Amino acid sequence: MSHYIRTARRFLQYGFFVSALILAAAPARAASVSFFLDQSNQLSNDVNYLSVSLMDNDTGGVNILVKTLDPLNSIAGDHFGIQKFGFSLSDGVIAEITDLSDGWKATHNKRMDGFGQFDIRLQGKGSARTDELSFKVSGVSLDNFDPLFTAHVAGLEWCNIGDERPNLCIGKDCPTSAYFSGSVPVTHMPIPPAAWLFGTGLIGLVAVARRKA
């Protein structure tokens with residue numbers, strides 16, 4: 001009987017070692033990553049104005065979701081929303097943009113004011129501004145994206161806030177739009193629950209085997 005226990009313990013120990021390697025490697029294979037845009041050419045820096053989330057899809061590409069956050073949503077005026085979004089890819093990568101909302105188009109090698117030139121710039125008409133912009137990029141992986149992103153948001157009424165210039169938003173003294181950029185990482189997708197269950201289950205079995213021995 002002790003032979004079977006020793007065999008089981010050896011199997012479980014090897015299994016525990018393999019599962020530990022799986023768990024350790026899992027974060028490097030995360031299927032999604034997000035970033036904050038916290039720099040601006042008009043508003044204060046070091047504020048998380050927008051988030052950009054990238055996720056691998058099942059068709060050999062990446063889904064992207066860009067969202068305005070509370071610091072912008074709280075000063076939203078008429079026709080508020082994202083009007084332009086720019087990003088760059090690794091040299092030589094050819095990508096196809098799909099699933100853009102009506103009124104949006106993709107152009108290449110365009111500047112984003114104050115933040116330089118980007119490989120791809122998405123632009124929507126004024127009537128197509130949105131607080132959430134989603135689309136797909138085919139023929140790429142997460143590793144193909146430069147981590148610097150930029151967005152243009154219009155329809156702001158930030159000069160209506162506070163006591164210095166109440167209800168006044170005129171000309172260059174009080175711009176109603178701004179550009180934002182950044183590459184601050186937010187999160188990686190966590191290890192799938194099944195992997196954690198597998199690892200913790202093996203740990204429990206090893207403990208039981210040791211007690212029986």
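This briefing covers confidence, the nonpolar core and aromatic pairs. The model is predicted: local features need pLDDT of at least 70, side-chain atom pairs count only at pLDDT 80 or more, and totals for chains, interfaces and linings use all residues. Residues are numbered from 1 along each chain as its sequence is written, and side-chain values use heavy atoms, without hydrogens or water.

**Confidence**
- The average pLDDT (the predictor's confidence in each residue, from 0 to 100) is 78, and 65% of the residues score at least 70.
- Residues 195–200 fall below 50 and have 6 contacts (heavy atoms within 4.5 Å) beyond near neighbours in sequence.
- Residues 202–210 are also below 50, with 14 such contacts.

**Nonpolar core**
- A nonpolar core is a set of buried Ala, Val, Leu, Ile, Met, Phe, Trp, Tyr and Cys residues joined through side-chain atoms within 4.5 Å; buried means under 20% relative accessible area (1.4 Å probe, protein chains only).
- The largest one has 35 residues; L50, L54, I64, L72, F85, F87 and F145 touch the most other members.
- Beyond four places in sequence, L72 contacts L43, Y49, L50, F80, V153, L156 and F180.

**Aromatic pairs**
- Rings of Phe, Tyr and Trp (its six-membered ring) pair if their centres lie within 6.5 Å; planes under 30 degrees apart count as stacked.
- The count is 7 aromatic pairs.
- F85 and F149 are stacked, because their ring centres are 6.1 Å apart and their planes are at 10 degrees.
- F85 sits in strand β5 (residues 76–87) and F149 in strand β10 (residues 149–156), so this pair ties together parts 64 residues apart in sequence; strands are DSSP runs (E, at least two residues), numbered from the N terminus.
- Both F85 and F149 are buried.
- Ring pairs join F35, F85, F87, F135, F145 and F149 into a cluster.

Notes
Phe/Tyr/Trp six-rings, centres within 6.5 Å; stacked < 30°, edge-to-face > 60°. Helix = DSSP H or I, 4+ residues; strand = E, 2+ residues; numbered from the N terminus. Buried < 20%, exposed > 50% of the residue type's maximum accessible area, 1.4 Å probe, protein only.
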